[in-house]
Every structure is written in structure tokens, then in C-alpha cells.
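Reader: Could you please take me through this entry?

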Amino acid sequence: MDDTWATRDLPVLDAVVRLLEGKPEVSMADIAAKTGLELDAVGRALMALEGPYVSNISKSWGFPPSGWRVSAVTPDARRAIGQWPTPESIVDQLADGGAADWLLDLLRQALGPGIPAPTEIAVSSWGSDPWSGGAYSHIRPGGSAADADLLGTPVAGRLCFAGEHTQSARLVYTDGAFCSGIREAKRLLRSPSVRLQFSPAAHPSPNALEKDP
Ligand SMILES: Cc1cc2nc3c(=O)[nH]c(=O)nc-3n(C[C@H](O)[C@H](O)[C@H](O)COP(=O)(O)OP(=O)(O)OC[C@H]3O[C@@H](n4cnc5c(N)ncnc54)[C@H](O)[C@@H]3O)c2cc1C
């Protein structure tokens with residue numbers, strides 16, 4: 001990947017998107033302060049980003065462009081820096097009843113007006129649930145799946161890491177997490193294979209828990 005994207009354009013894009021969350025427009029000085037880049041570099045980045053990522057730059061004459069102001073970015077800009085509102089984050093922002101109405105409206109738009117209202121609704125919130133604290137991993141632009149493999153590399157040969165995010169073969173999936181656990185078990189046991197054994201006593205089913213509180 002072109003280094004300019006990672007070292008100049010992406011940091012500028014990231015700064016613009018985040019700064020625009022709090023104000024209607026951002027100045028070159030704002031972007032330079034947030035990125036630590038010179039005005040000249042910020043100006044070149046904005047010219048590269050204009051169109052696909054930055055949709056409204058009011059320009060003044062001269063370069064470096066100290067008087068330029070940016071007031072809008074495209075949906076692709078938010079996607080590129082991982083800030084695109086997901087259906088889940090939208091639901092998180094809605095009150096319980098609002099989430100049901102919003103989803104029902106989407107379903108009716110997609111499938112027709114005959115979709116009946118649900119008799120019951122439960123709204124979960126992975127983003128704000130303190131026990132999950134988010135969802136699965138996400139490789140941002142500029143990164144690569146190999147970064148996940150790097151996270152699975154032991155430190156000093158003794159501190160081992162398992163989890164969905166530590167392997168690239170099945171990134172984001174449960175079986176990726178599962179296989180990473182087997183990988184680390186083999187590493188710790190110094191064995192080419194391990195035997196998996198399910199112990200019902202150690203993992204009682206929910207029904208068993210109900211019977212035996
Ligand atoms: C909404 C959603 C839908 C999904 N759907 C699918 C699907 O259909 N198919 C699929 O294969 N995968 C799916 N996944 C992904 C799958 O759930 C994950 O890939 C998998 O759970 C990752 O397992 P893990 O063991 O790496 O991490 P986790 O399951 O996240 O486990 C990490 C554990 O560590 C605990 N923890 C965190 N910090 C600490 C700490 N400091 N001290 C002690 N404990 C801590 C957490 O509470 C958690 O229990 C989905 C995920 C989400 C969020």
C-alpha cells in the first residue's frame with residue numbers, strides 16, 4: 001500500500017471526520033494541530049482526498065492553503081476510518097420503542113407494508129454491553145489480515161495469545177477463535193496435536209443450572 005495513504009492522507013481524513021463531529025467546519029490549523037502535519041502536507045492530502053472522501057472544501061488562493069475550510073465528508077470517508085454508523089450503533093442510539101419502530105419500518109420498506117408489528121421485542125446492545133465491550137475485530141484501511149496473525153505471536157516464547165483476533169484464516173468467526181485456542185494449546189504442550197474433551201460436569205447446560213442452582 002502507498003505509504004502516503006497511511007502516513008498523510010488517512011491521518012488527515014481521520015482528523016477531519018472526528019473534528020466535524022463537534023463543529024460544522026474545520027480549518028487547516030485544526031487539522032494540522034490534530035495530525036501534527038505541516039499545512040503543506042495537509043493541503044496535499046485534502047487535494048488527494050477531495051471527491052471520494054472529502055466533499056466540501058472552501059478554498060482560498062495560495063499554497064500552503066492556510067485559509068481552506070472543510071465542511072463535509074462522504075459516507076466512504078466514515079467507512080474508511082471505521083466510523084460508518086452500523087445498524088447496531090443506530091439501534092444503540094434509539095430508545096427501546098424507537099428501535100422496534102425503526103427496524104419495522106426498514107422491514108416494511110424492503111418486504112412490503114403487510115409486515116405485522118412484533119408481539120414482543122428484545123433489544124441487545126453489543127456496543128455498550130460491559131461484558132462484550134464491542135463486537136469482532138475489524139481491519140482498518142492501511143492494515144492487513146497479516147496484522148491479526150501478528151497478534152497471535154507469543155511474546156518471549158512464553159506469553160501466548162488466543163482469540164478470534166489472533167488469526168487471519170477465519171477472522172471474526174467463532175471457529176477462528178476456537179482454532180486459535182487449539183493452536184496455543186499445542187504450543188504450550190509442545191505437541192503436534194491435542195485431544196479435545198467435553199466435560200458436561202465442567203460445563204453444565206442451562207437446564208442443568210436451573211435444576212441445580
Ligand atoms: C453480534 C455478533 C454476531 C456474531 N455472529 C457470529 C456468527 O454468526 N458466526 C460466527 O462464527 N461468529 C459470530 N460472531 C463472532 C464471534 O462471536 C466471535 O468471533 C467469538 O466470540 C470470538 O471469541 P473470542 O474467544 O476470541 O472472544 P470473546 O468471545 O469476545 O471472549 C472474550 C472474553 O474475554 C472476557 N474479557 C475481556 N476482557 C477481560 C479482562 N480484562 N479480564 C477477564 N476477562 C475479560 C470477555 O468478557 C469475554 O467473555 C458474532 C459476534 C457478534 C458480536
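Author: Helices (H or I, at least four residues) and strands (E, at least two) are DSSP runs, numbered from the N terminus, and two strands pair if DSSP finds at least two bridges between them. This is a predicted model, in which local features need pLDDT of at least 70 and side-chain atom pairs count only at pLDDT 80 or more, while totals for chains, interfaces and linings use all residues. Residues are numbered from 1 along each chain as its sequence is written.

Reader: Which residue is the bridge partner of Val 54?

Author: The partner is Val 73, in strand 3. Strand 2 and strand 3 run antiparallel and are joined by four bridges.

Reader: In what order do the three strands of the sheet lie?

Author: The order is 1-3-2, in an open sheet with antiparallel pairing.

Reader: Now helix 3: which of its residues are buried?

Author: Within residues 39-49, they are Ala 41, Val 42, Gly 43, Ala 45, Leu 46 and Leu 49; buried means that 20 or more other C-beta atoms, placed from the backbone, lie within 10 Å of the residue's own.

Reader: And what follows helix 3?

Author: Gly 51 follows, with a positive phi near 105°.

Reader: Changing topic, what surrounds the ligand?

Author: The surrounding residues include Trp 126, Trp 131, Tyr 136, Glu 164 and Asp 175. A residue counts as near if its C-beta atom, placed from the backbone, lies within 6 Å.

Reader: Why does the ligand lie between domain 2 and domain 3?

Author: Domain 2 (85-135) and domain 3 (145-189) both give residues to the shell, so the ligand lies between them. The domain bounds come from an automatic or database assignment.

Terms used
Buried ≥ 20, exposed ≤ 12 C-beta atoms within 10 Å, placed from the backbone.
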